[in-house]
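Please look through the model below before reading on. The report that follows moves from strands and sheets to a helix, and then to single residues and their rings.

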Amino acid sequence: MTEQSNADDSKPTHVGTAAFSVSTRVALQLGRESISSSITAIVELVKNAYDADAEVVRIRFAHLGTVDAMLVIEDTGCGMSMDDLKNYWMVIGTSYKTDRKRTSGKSRVVTGEKGLGRLGLDRLCTRTEVESIRSGSTEGIRLDVRWEKYEAYDNRLEAIEHDLYSIPSLRRDPIDGSWEDFPHGTRLILRGLKDQWDEASILQLRNELALLASPFQGPNDFAIEIQTGGLVPELDGRVQIQEPLLGAANWHVTATLDHAGQIEITMASERHETEFHMKPTLWADAIKRQGIQPHCGPVRMEFYFFVRRDAELANKTLRAREISDFLRFNQGIRIYRDGFRVKPYGEPDGGGDWLRLAY
């Protein structure tokens, strides 16, 4: 009897299930550690606008230097419905963008992957109002996020709720109260800014945004605009991707490696009539002791050689200082994937240059 009783006592009894949860502290750390700076947070939000098929994203500052300082980031993208907001925007780390390789409207390559950009809003402000409306919809939505709610360490992420509203439209401007067309897109209204935005920081933001898209990909259908709210009028307007002053190069070398393993090199200059060509040569003949075929696929490389002095190009004279400024701004190695910059490689100060070419 004793042995049988002991056997029965060891049998487990199923009493339910248990699931992991995430504290608000971990969620905030995730956003703050993934988004290295406030400027990076804004860049991520701009990339989200690109993924929403926006043609224009506006970054507008207002009342800077006062307690009412605010930042509005609005785009002309596809917008969100109530279900989109709940099922995608408010789900951290959703696989939505990972599963969707291209956007549905413009077939753009999706740039965002982790879905953590919205957590970066906590780095920027204490309160965020998310407004959005889809094309053809008769009403929009508004979500009021108070980030201080997440400061309580004993809370669970899913236990914190925010007020959600249906609104007639997004036509009323949150800065000056005027009325304007806003047929579709998303607007983020950031209040209680945590940074002191001044001329230097806004200029840094413009420079970062100017590096966001590759200067070599040519014109595209995506524009970024900044308005400083009268603080620095000369920084207002469309962010121009810096025009590559490649025509000022003394020599331009182009090398190609094709599918057949054949190398061809040309060297030309806008300053000289003579153009040099290396006759097509097989890899095995040009690159000794490295095998018959290269390990990579077809490659095209362009190399520009500059002398830092004045250059006469067509109807324009480029001063040595302009050329030096361009070279300094584009020093080192910068990586672009699908036309968008991969951070932290190729910072304007030469940071992130693992090959140390900036030195």
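## Strands and their partners

Leucine 257 has isoleucine 263 in E10 as its bridge partner. This is a predicted model, in which local features need pLDDT of at least 70 and side-chain atom pairs count only at pLDDT 80 or more, while totals for chains, interfaces and linings use all residues. Residues are numbered from 1 along each chain as its sequence is written, and side-chain values use heavy atoms, with hydrogens and water left out.

Strand E9 (residues 251-257) and strand E10 (residues 262-268) run antiparallel and are joined by six bridges. Strands here are DSSP runs of E with at least two residues, helices are runs of H or I with at least four, and both are numbered from the N terminus; two strands pair if DSSP finds at least two bridges between them. In general, the strands of a sheet pair through backbone hydrogen bonds, either parallel or antiparallel.

E9 and E10 belong to an open sheet of four strands, in the order E11-E10-E9-E12, with antiparallel pairing. Its edge strands, E11 (276-282) and E12 (299-305), each pair on one side only, and the twist averages 10° from one strand to the next.

## A helix with a buried side

Helix H4 (residues 82-89) has Asp84, Leu85 and Trp89 as its buried residues, where buried means under 20% relative accessible area, exposed means over 50%, and partly exposed lies in between (1.4 Å probe, protein chains only). These residues cover an arc of only 100° around the axis, which puts them on the same side of H4; the arc is that of the directions from the helix axis to the C-beta atoms. The buried residues of H4 pack against helix H6 (121-124) and against strands E3 (125-133), E4 (140-146) and E5 (163-167).

Glutamate 208 is found in helix H7, whereas glutamate 347 is found in the segment after strand E16 (340-341). The table gives their relative accessibility.

| Residue | Relative accessibility | State |
|---|---|---|
| Glutamate 208 | 9% | buried |
| Glutamate 347 | 16% | buried |

Leaving aside residues up to four places away in sequence, glutamate 347 touches Glu208 and Arg341, contact meaning heavy atoms within 4.5 Å.

The structure holds four aromatic pairs; rings of Phe, Tyr and Trp (its six-membered ring) pair if their centres lie within 6.5 Å, with planes under 30 degrees apart counted as stacked, over 60 as edge-to-face and the rest as tilted. The rings of tyrosine 50 and phenylalanine 222 have their centres 5.1 Å apart and their planes at 80°, so this pair is edge-to-face. Tyrosine 50 lies in helix H3 (residues 38-51) and phenylalanine 222 in the loop between helix H7 (199-210) and strand E7 (223-227), so the pair ties together parts that are 172 residues apart in sequence. Both tyrosine 50 and phenylalanine 222 are buried.

Notes. Axes are lines fitted to C-alpha atoms, for helices over the stretch in contact, and angles run from 0 to 180 degrees between N-to-C directions.
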